[in-house]
Amino acid sequence: MTTVFFEVVGDPVGQGSVRAIKNKAGHPLVVQGGSAEAKKRLMSWRQRIGDAAGKAALGHVFTEAVAVKADFFLPAPKSLKAGVRWVATMKRDDVDKLARALLDALSDGAVLADDGIVARLTVTKSYAVDR
């Protein structure tokens with residue numbers, strides 16, 4: 001089994017839901033929800049993921065079933081007590097939205113032929129404390 005490990009530094013951005021709208025001609029169009037600023041942060045985050053993963057995979061594109069393990073470290077709130085090293089977070093981005101951004105970035109970045117080949121997905125999120 002091939003293992004590819006990489007780290008992306010920065011504030012993780014979850015990928016929200018898409019929504020269907022009609023264009024001027026009345027044809028359906030699927031768009032990513034959120035503000036222009038949120039879309040910009042998401043695209044930047046996905047680009048960093050794709051770049052890091054592509055570099056770590058040495059150009060290999062996975063076409064068979066894969067397992068993906070991801071640990072997201074979100075900025076710790078100022079209210080977090082000193083000395084606490086790990087705390088699971090229940091606020092901010094949903095873990096599934098973080099995973100969606102990750103998997104789309106991996107398939108856009110040509111590391112996964114398609115995110116549908118992911119057979120096992122393990123995702124955690126916690127506060128980044130002493131990292």
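**Entry 1: a salt bridge at Lys69**

I began with Lys69, which forms a salt bridge with Asp71, the closest N and O atoms being 2.7 Å apart. For this term I used a side-chain nitrogen of Lys or Arg within 4 Å of a carboxyl oxygen of Asp or Glu. The model is a predicted one, where local features need pLDDT of at least 70, side-chain atom pairs count only at pLDDT 80 or more, and totals for chains, interfaces and linings use all residues. Residues are numbered from 1 along each chain as its sequence is written, and side-chain values use heavy atoms, with hydrogens and water left out.

I then looked up the accessibility of both partners. Buried stands for under 20% relative accessible area, exposed for over 50%, and partly exposed for what is in between (1.4 Å probe, protein chains only). Lys69 is exposed because its relative accessible area is 61%. Asp71, at 38%, is partly exposed.

**Entry 2: the other salt bridges**

How many salt bridges does the structure hold? I found three. Side chains of opposite charge can pair when their charged atoms come close.

Arg46 pairs with Asp108, with 2.0 Å between the closest N and O atoms. This pair links distant parts of the chain, since Arg46 is in helix 1 (residues 36-57) and Asp108 in helix 2, 62 residues apart. Helices here are DSSP runs of H or I with at least four residues, strands are runs of E with at least two, and both are numbered from the N terminus. Is Arg46 buried or exposed? Its relative accessibility is 14%, so Arg46 counts as buried. Asp108 counts as exposed, at 54%.

Arg100 and Asp96 also meet in a salt bridge, at 4.0 Å from N to O. Both residues lie in helix 2, four residues apart, which is about one turn of the helix. I noted Arg100 as partly exposed because its relative accessibility is 30%. Asp96 is partly exposed too, at 42%.

I checked the length of helix 2 next. It has 14 residues and reaches 20 Å from its first C-alpha to its last, close to the 20 Å expected at 1.5 Å a residue. The expected span is 1.5 Å times one less than the number of residues.

Which residues of helix 2 are buried? I listed Leu98, Ala99, Ala101, Leu102, Leu103, Asp104, Ala105 and Leu106. The buried residues of this helix pack against helix 1, strand 3 and strand 4.

I took Leu106 for a closer look. It is found in helix 2, which covers residues 95-108, and counts as buried because its relative accessibility is 5%. Leaving aside neighbours within four places in sequence, Leu106 is in contact (heavy atoms within 4.5 Å) with Phe6, Ile49, Ala53, Val111 and Leu112. I also looked up Ala52, which is 54 residues from Leu106 along the chain; their C-alpha atoms are separated by 9.7 Å.

**Entry 3: positive phi**

Most residues other than glycine have a negative phi, and most peptide bonds are trans. Just after helix 2, I noted Ala110 with a positive phi of about 65°. Leu58 has a positive phi as well, near 55°. Leu58 lies in the loop between helix 1 and strand 3 and is exposed, with a relative accessible area of 77%.

**Entry 4: the largest pocket**

I looked up the volume of the largest pocket and found about 1100 Å³. Of the 35 residues that line this pocket, Val4, Phe5, Phe6, Lys69 and Ala70 are the closest to its centre. Helix 1, strand 3 (66-75), helix 2 and strand 4 (118-128) are the elements that give two or more residues to the lining. Which element gives the most? It is strand 3, with eight residues.

For the terms: on a 1 Å grid over the protein atoms alone, a pocket is an open set of points where a 1.4 Å probe fits, with protein on both sides within 12 Å along at least five of seven lines, and lining residues have an atom within 4 Å of a point. Grid points are joined across faces, edges and corners, and the volume is the space filled by probe spheres set on the points.

**Entry 5: the whole chain**

I ended with the fold order. The chain has two helices and four strands, in the pattern β-β-α-β-α-β along the sequence. Buried residues make up 27% of its 131 residues.
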